[in-house]
Amino acid sequence: MQAARRCAVRDMRKLLFAPHSSLLSATHTRSHGRQRRTATRCMATSDAPTSYNWDRCARNSDRLVDASDGASVKVHRVVKADLEQQLEQHGYAAKAWAATTSFKANSELLMLPSADGHLNKVLLGVESHDDMWAHAALAKLPVGTYQLADAHGIAASNRAAIGFLLGCYSFTRYKSKSKSSGTDDHEQTAEPGGVRLVWPSGAEKLSVLAMSSAFYFCRDLITTPAEDLGPQHMVEEVLALASHHGAKASILQGEELLEHNYPAIHTVGRASHRPPVLCDFTWAPPRGEGEEVLPLLTLVGKGVCFDTGGLDLKPAASMKLMKKDMGGAALTLALAHLVMTHQLPVRLRVMVPAVENSVSENAFRPLDVLQTRSGLTVENGNTDAEGRLILCDALFEAAAERPDLLIDAATLTGAARMALGPDVPVVFSSDDRVWSDLSTAAEEEADPLWRLPLYKGYRRLIESKVADLSSTGSQPGGGAIVAALYLQEFVKGVPRWLHVDTGAYNTSSRPGRPEGGEALALRALWSFIQKRYQP
């Protein structure tokens with residue numbers, strides 16, 4: 001069955017990219033009692049984008065190796081708080097060398113030579129033994145094979161392995177140096193002779209490799225320039241992910257969005273020469289007859305592949321990083337990859353509206369009144385607040401199935417970044433218990449999140465004199481809350497809803513976290529979901 005699904009996805013990929021009027025055929029399927037359509041398109045395959053990032057997200061996985069008879073250098077972790085005491089255990093020479101090199105155990109390495117001048121052992125400074133990011137420093141070691149000298153449980157071993165692989169991450173797709181030397185950071189295997197780490201004792205290989213590939217996939221998608229990651233490229237990445245896991249995908253593009261009543265998505269994306277799309281796929285693990293129906297988990301990700309601001313044009317400084325405005329979609333796809341890889345006992349639905357907010361003669365305007373899938377009319381307060389407009393159509397469709405849990409992720413507001421900075425995503429939750437569980441997971445994973453209120457007193461700010469709703473607030477301040485309240489209008493009836501407003505980008509480099517796209521909140525969300533649904 002999975003092979004048949006993959007063939008169907010491949011056929012869709014070959015036929016998808018065409019002018020809006022080239023629809024040749026369509027098949028109808030029933031999904032949870034609602035009619036949905038899978039569209040098929042015709043175009044020369046040489047003109048169609050192909051999946052790039054998904055096919056390369058497992059690179060560097062072979063840097064983690066099984067123990068062998070070959071020599072490996074031992075790595076001893078030194079907890080910063082106990083630095084002096086632990087240095088004593090390694091002898092006077094080690095302590096003296098640490099003083100000479102100003103080793104403070106701040107996620108850094110201290111290489112200790114043997115009497116004959118070879119590398120004898122390595123000290124790694126950590127905040128704690130499960131400090132994931134400190135282990136990223138291991139990727140900077142000289143070529144060779146290394147092994148952690150001690151073990152501190154499964155969770156700590158998993159984090160050590162993930163941290164190492166994230167330390168190996170880099171984005172060099174456009175670097176001519178790597179091309180001319182015959183190597184490519186985006187190849188699936190690591191460079192011959194690179195740094196390798198023996199699998200930490202007790203590490204769960206499936207969990208480690210799934211999380212690292214999810215991070216790579218998310219980072220690569222966000223960091224890729226918009227020229228190579230428009231809506232149709234996003235379709236390719238979604239189809240590749242869906243095909244890999246045997247999921248069932250459907251794509252609506254261009255005028256089909258109007259035919260199937262997704263008018264807000266179409267309105268936002270119609271000005272671009274790359275037509276807007278809605279990617280939608282479903283997945284469930286194999287189940288036997290008579291088994292109870294699994295809970296429905298639905299993920300929705302904002303996929304604005306580039307945001308000029310529209311007619312409310314952004315200034316150059318604000319527009320520069322807008323390739324990252326599909327960071328919510330990237331996070332959603334990474335999370336879906338984890339759910340499917342671990343065969344979580346849920347029915348999964350993933351929706352990614354993907355558009356380019358451009359300027360042309362048919363661009364939508366300030367104070368235009370937009371139609372939405374819900375039937376509500378929306379007065380557009382600002383064309384640069386386009387993300388909530390494409391999300392509202394997708395969220396309303398998602399809410400119609402009354403999922404057990406609905407999560408949307410978006411690089412939605414500058415107000416969230418002003419409030420919490422680039423590293424801490426804002427979360428809005430309609431359910432206190434859900435937030436409590438997510439908050440606990442975030443703390444355990446050291447993956448920070450912060451809740452803001454769905455303050456009902458601000459609901460008046462999205463009232464409009466000419467339409468059912470205004471897309472933006474009627475006064476400055478509270479922008480992240482106002483945007484969340486707007487989205488809440490389209491998820492009524494859903495018992496549990498989480499809205500994640502993320503920055504999706506590292507603005508500077510740190511160990512394991514190079515400047516560029518970032519899967520902020522991924523570990524917290526996955527831990528929360530896994531604990532909620534894993535038997």
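1. The lining of the second largest pocket divides into 8 nonpolar, 5 polar and 6 charged residues (Ala, Val, Leu, Ile, Met, Phe, Trp, Tyr, Cys and Pro count as nonpolar, Asp, Glu, Lys and Arg as charged, and the others, Gly among them, as polar). This is a predicted model, where local features need pLDDT of at least 70, side-chain atom pairs count only at pLDDT 80 or more, and totals for chains, interfaces and linings use all residues. Numbering runs from 1 along each chain as its sequence is written, and side-chain values use heavy atoms, leaving out hydrogens and water.

2. The second largest pocket has a volume of about 430 Å³. A pocket here is an open set of points on a 1 Å grid over the protein atoms alone, where a 1.4 Å probe fits, with protein on both sides within 12 Å along at least five of seven lines; lining residues have an atom within 4 Å of a point. Volume is the space filled by probe spheres set on the points, which are joined across faces, edges and corners. Of its 19 lining residues, Asn158, Glu204, Glu445, Trp526 and Gln530 are the closest to its centre.

3. Do look at Arg523, in helix α16 (residues 522-533) (helices are DSSP runs of H or I, at least four residues, numbered from the N terminus). Arg523 counts as buried because its relative accessibility is 5% (buried means under 20% relative accessible area, with a 1.4 Å probe and protein chains only). A polar atom of the Arg523 side chain lies 2.4 Å from the backbone oxygen of Glu445.

4. The largest pocket has a volume of about 570 Å³. Helix α13 gives the most to its lining, with 3 residues.

Terms used. Helix = DSSP H or I, 4+ residues; strand = E, 2+ residues; numbered from the N terminus. Buried < 20%, exposed > 50% of the residue type's maximum accessible area, 1.4 Å probe, protein only. Polar contact = N/O pair within 3.5 Å; in protein donor to acceptor, adjacent residues only side chain to side chain.
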